[in-house]
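Let's take a friendly look at some side chains together. Please keep the sequence and the 3D view open as you read.

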Amino acid sequence: MDLRRLAGWSLSGLLAVGPGLTLAAGKCERLIATGSPDAPPYLWQDPQDPKHLIGAGADLLAQVATELGIKIELLYAGKRAQALDEVRSGRMDLLTDAPLTTAGLEALDYVHPPLLQNDYLVWTRKDSTLVVNGAEDLHGHSGALSEKSRMTAEFGVFAEQKLSLTRTPNLTQAFQKLLLGEVEYVLAGRYSGLAMAQTLGMAKDLQAAPQPVDQPGLFLAVSHNSACNDPWLRGQLAQKMTELSASGLAEAVLQRNLERWNTQLQTPASAPKQ
């Protein structure tokens, strides 16, 4: 048995469980989570403590952990692919920002609803005459999309069939192509786009259409191989995700972390690339 299942139990904790003791008998008191280390304002490495991740996802996860009475430590595990490998293997328990994919279902139990919603917007130059009321309006126009973007499967099919998109290694290069006039638009998340525009000093040169063209969720996902993966944990996390979704707190947390990121940019510390 994983020692995390035994750590932290106290007499008061056992009494508090009461009639549900048998259901919660496998409860883990400490979970290790990870996620993308370069996706502000959702998650990024803490410049003061690079072993940990901070951001909107971290703040919401900390609130959930407090309400459940468990400890969740959000650690840096390398780049996105490395973080996913750590969770798939069970060396880490939770992925904090998992996109819902068929491949992901083979290794992860997704907790619904998502921890955060990622609204993808159409970003253009301020002087652009492109009018976008929906994704169909992008047909016949050149665009760019970071390879790191995680769109829904449905939008991916639409984009492949209907849109002319250049894939770039990261959002930095996509926005640079936009400013250079090499493409007419960029598809990027509402908050990740704002963070990158701030990072590159482009905030005054870019604008985003208000209506999202895609809305993939960023899910908490528990590794199939985690020693802490049990019905109690998944049920409690699902309850907290439902409460968070109904509270409308996520947008305020994202906005606060966008400001936090912007403040960090004003310091000499280097910023991670998206």
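## A polar contact

The side chains of Asp93 and Ser226 are joined by a polar contact of 2.6 Å. Keep in mind that this is a predicted model.

Where does Asp93 sit? You will find Asp93 in the loop between helix 3 (80-89) and strand 6 (94-98). Asp93 has a relative accessible area of 0%, so this residue is buried.

## Two tryptophans

Now to the aromatic rings: how many aromatic pairs does the structure hold? There are four aromatic pairs. In one of them, the ring centres of Trp44 and Trp261 are 5.3 Å apart and the ring planes are at 75°, so the pair is edge-to-face; the reason is that planes over 60 degrees apart count as edge-to-face.

## A tyrosine and a phenylalanine

Another pair to look at is Tyr110 with Phe219. Their ring centres lie 5.7 Å apart with the planes at 85°, so this pair is edge-to-face. Tyr110 is in strand 7 (residues 108-117) and Phe219 is in strand 13 (residues 217-223), so the pair ties together parts that are 109 residues apart in sequence.

Why do these two residues count as buried? The cut-off is under 20% relative accessible area. Tyr110 has 12%, so it is buried, and Phe219 has 6%, so Phe219 is buried.

Terms used: Residues numbered from 1 in each chain as written. Predicted model: local features only at pLDDT ≥ 70, side-chain atom pairs only at ≥ 80, totals over all residues. Heavy atoms only, no water. Phe/Tyr/Trp six-rings, centres within 6.5 Å; stacked < 30°, edge-to-face > 60°. Helix = DSSP H or I, 4+ residues; strand = E, 2+ residues; numbered from the N terminus. Buried < 20%, exposed > 50% of the residue type's maximum accessible area, 1.4 Å probe, protein only. Polar contact = N/O pair within 3.5 Å; in protein donor to acceptor, adjacent residues only side chain to side chain.
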